[in-house]
Amino acid sequence: MGACFLLLLLSARHVSMKWPKLFWISACAPLASVIISTLLVFLFKGQKHGISIIGQLKCGLNRPSWDKLLFDPTYLGLTMKTGLVTGIISLTEGVAVGRTFASLKDYQVDGNKEMMAIGLMNIVGSCTSCYVTTGAFSRSAVNHNAGCKTAMSNVIMALTVMVALLFLMPLFAYTPNVVLGAIIISAVIGLIDIPAVYHIWKMDKMDFLVCVCAFAGVIFISVQEGLAIAVGISIFRVLLQITRPKMMIQGNIKGTDIYRNFHQYKEAQRVPGFLILTVEAPINFANTNYLNERIKRWIEEESSAGNKQSELHFVILDLSAVPAIDTSGIAFLIDIKKQTEKRGLELILVNPTGEVMEKIQRVNDSHDHFKSDCLYLTTGEAVASLSAFSKMTTP
């Protein structure tokens with residue numbers, strides 16, 4: 001029964017997509033499925049043959065319950081803890097679902113307004129003992145699949161639910177659960193965008209992993225666990241990027257004073273006697289050890305592979321892509337400078353940003369670690385100046 005009605009719903013959706021004038025077929029298919037399946041179960045006693053049904057439901061609306069609010073210290077702590085957890089989960093689910101449909105319909109979702117709306121709904125709903133309200137994915141998908149475009153659909157849906165609760169509840173006693181599942185599945189299938197997933201795979205494999213894990217978690221576990229898995233992987237990726245920032249060796253593009261990553265630009269060439277490095281991330285306590293080890297390794301490789309004509313003399317560190325630095329980062333720069341001096345090399349800093357330069361000046365006020373002759377505005381200027389100085393001092 002579930003497979004047959006799922007096929008019926010998907011066929012109705014296909015017909016409405018192929019012939020837009022027949023949109024009403026897809027819109028009426030879920031209601032028709034509920035009515036037909038309920039009649040079939042009632043006529044053939046399907047509940048006696050293993051078909052799960054909704055069963056008897058009470059009629060009427062919940063009575064006001066604000067007079068039953070109790071602020072007993074015994075339960076207040078548990079209530080606040082439960083409310084905080086359910087609030088975070090409902091807000092996360094609501095915003096995630098909202099952004100999913102926003103990407104499909106090309107509009108924006110304001111997270112602050114979503115939070116206020118969900119909070120206000122739950123405050124009002126709690127006065128009538130309602131279930132925790134959120135932007136559920138299944139109901140939103142069914143709403144979207146039916147062709148609803150404005151908030152007026154929620155008003156109509158609320159009035160319909162109210163009428164059903166007051167007068168029509170006995171009619172749903174024989175409604176099979178498999179048909180409700182088929183309606184949700186047919187609605188969710190319409191949200192699966194295979195070309196977008198393929199595009200994510202081509203663009204970024206880590207984003208593809210997040211997408212697949214979120215999809216599998218929501219489908220096979222629950223919305224909460226699926227979102228938690230996706231958020232966990234995303235946070236792990238961010239931490240990995242912070243602790244393992246991009247650091248590259250630059251070379252000169254022949255005929256210009258432009259310096260770029262020579263692995264990315266084939267025409268870029270190494271400058272003899274110079275090791276030009278660039279960091280593309282904030283320097284802080286989380287990545288200083290990693291950067292220190294990388295620079296040491298590159299210096300050792302350059303020193304061991306160098307000859308008299310291309311012997312390493314200068315290490316240039318381009319800081320133009322470093323937006324921020326903390327105390328550990330300043331200590332890292334001082335440590336690198338001391339290590340290069342022990343090897344007979346000179347550390348040059350190029351184009352520090354405002355915050356970085358401000359902290360370097362504060363260090364110089366107490367200890368003159370970075371003199372003015374080791375600071376340059378551009379890499380080209382540094383190479384030209386240091387090359388001329390090296391030729392003057394070479395006997």
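The following dialogue discusses a predicted model of a protein.

Mentor: Residues are numbered from 1 along each chain as its sequence is written. Because the model is predicted, local features need pLDDT of at least 70 and side-chain atom pairs count only at pLDDT 80 or more, while totals for chains, interfaces and linings use all residues, and side-chain values use heavy atoms, leaving out hydrogens and water.

Trainee: How many helices and strands does the protein have?

Mentor: Helices (H or I, at least four residues) and strands (E, at least two) are DSSP runs, numbered from the N terminus. Under this definition, the secondary structure of the protein comes to 14 helices and 7 strands.

Trainee: Is the protein spread out or compact by the globule rule?

Mentor: The radius of gyration is taken over C-alpha atoms, and the globule rule is 2.2 Å times the number of residues to the power 0.38. For 395 residues the rule gives 21 Å, whereas the protein has 32 Å, well over that value. Along its principal axes, the C-alpha trace spans about 105 × 60 × 35 Å. The radius of gyration therefore shows the protein to be more spread out than a compact globule.

Trainee: What percentage of the residues is buried?

Mentor: Buried means under 20% relative accessible area, exposed over 50%, and partly exposed in between (1.4 Å probe, protein chains only). Of the 395 residues in the protein, the buried ones make up 31%.

Trainee: Which rings form the edge-to-face pair?

Mentor: Rings of Phe, Tyr and Trp (its six-membered ring) pair if their centres lie within 6.5 Å; planes under 30 degrees apart count as stacked, over 60 as edge-to-face and the rest as tilted. By this rule there are 3 aromatic pairs. In one of them the ring centres are 5.0 Å apart and the planes stand at 75°, so the pair is edge-to-face: Trp-201 and Phe-208.

Trainee: Are Trp-201 and Phe-208 buried or partly exposed?

Mentor: Trp-201 has a relative accessible area of 37%. The value for Phe-208 is 23%. Both residues therefore count as partly exposed.

Trainee: How many residues apart in sequence are the parts tied together by Phe-274 and Phe-314?

Mentor: Phe-274 and Phe-314 form a stacked pair, with 5.1 Å centre to centre and 20° between the planes. Phe-274 is buried at 6% relative accessible area, and Phe-314 is buried at 7%. Since Phe-274 lies in strand β4 and Phe-314 in strand β5 (residues 314-318), the pair ties together parts whose separation in sequence is 40 residues.

Trainee: Which residues does Thr-278 touch, not counting those up to four places away in sequence?

Mentor: Thr-278 is found in strand β4 (residues 274-279). At 4% relative accessibility, Thr-278 counts as buried. Contact means heavy atoms within 4.5 Å. With residues up to four places away in sequence not counted, Thr-278 touches Lys-246, Met-247, Met-248, Gln-250 and Asp-318.

Trainee: With which residues is Trp-298 in contact, leaving aside its neighbours within four places in sequence?

Mentor: Trp-298 lies in helix α11 (residues 288-305) and counts as buried at 13% relative accessibility. Leaving aside neighbours within four places in sequence, the contacts of Trp-298 are Met-247, Met-248, Ile-249, Leu-275 and Leu-277.

Trainee: Where is Asn-292 placed?

Mentor: Asn-292 is buried, with a relative accessible area of 12%. Not counting residues up to four places away in sequence, Asn-292 touches Phe-332, Asp-335, Ile-336 and Gln-339. The place of Asn-292 is in helix α11.
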